[in-house]
Amino acid sequence: MNTSSNTAAAELIIQNKSTRVLVGGSPSYRCDYCGQVISERMRYSGVTIRDSAGNITEHFFCEEECMISQYPDI
Ligand SMILES: [Zn+2]
């Protein structure tokens with residue numbers, strides 16, 4: 001296993017993670033990892049992350065595998 005790509009500059013804190021279903025009228029998201037468009041009625045994973053500066057960002061993934069690939073510690 002190659003795990004030598006962990007040279008992240010900022011410390012990231014996972015604030016929240018949840019599985020959601022995209023409903024009609026929502027903006028469409030793209031999977032943060034593979035780039036697939038998350039379309040209506042699709043289940044997707046949302047992660048809220050706080051960096052060391054206190055900035056909150058939300059990231060969306062088409063499936064749990066993509067989320068784990070992006071954030072192995074989740
Ligand atoms: Zn994906």
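Predicted model: local features only at pLDDT ≥ 70, side-chain atom pairs only at ≥ 80, totals over all residues.
1. Strand β1, residues 12–21, has 10 residues, and the number of them that are buried is 0, so the strand lies largely in the open.

2. Two of the pairings can be checked by eye: N16 stands opposite T48 in β4, and V21 has R43 of β4 as its bridge partner. Strands of a sheet pair through backbone hydrogen bonds, in either a parallel or an antiparallel manner.

3. The sheet that contains this pair is open and has 3 strands, in the order β1-β4-β5, with antiparallel pairing. β1 and β5 are at the edges and have a single partner strand each, so one side of each is left without a neighbour in the sheet. On average, neighbouring strands of the sheet are turned by 20° against each other, direction ignored.

4. As for the chain as a whole, the protein has 1 helix and 5 strands. Read from the N terminus, the order of elements is β-β-β-β-β-α.

5. Of the 74 residues in the protein chain, 14% count as buried. In soluble globular proteins, nonpolar side chains tend to be buried together. Here the largest nonpolar core consists of 8 residues, namely Y29, I38, Y44, V47, F61, C62, C66 and M67. At least two residues of this core come from β4 (43–51), and at least two from α1 (64–70).

6. Which residues does M67 touch, leaving aside those up to four places away in sequence? They are S45, V47, F61 and I74. Two of these contacts, V47 and F61, are with residues that are listed with M67 in the largest nonpolar core.

7. Contacts in the protein chain were also sorted by sequence separation. Among those between residues at least 6 apart, 53% join residues at least 24 apart.

8. On confidence, the protein chain has a mean pLDDT of 87, and 86% of its residues reach 70 or more. Confidence is lowest in strand β2 (residues 29–30), where the mean is 90, and highest in strand β5 (residues 56–61), where it is 95. Strand β2 includes position 29, and Y29 is one of the residues of the largest nonpolar core.

Notes:
Residues numbered from 1 in each chain as written. Core = buried A, V, L, I, M, F, W, Y, C linked by C-beta atoms within 7 Å. Buried ≥ 20, exposed ≤ 12 C-beta atoms within 10 Å, placed from the backbone. Helix = DSSP H or I, 4+ residues; strand = E, 2+ residues; numbered from the N terminus. Contact = placed C-beta atoms within 7 Å. Pairing = 2+ DSSP bridges. pLDDT = per-residue confidence, 0-100. Axes fitted to C-alpha atoms, helices over the stretch in contact; angles between N-to-C directions.
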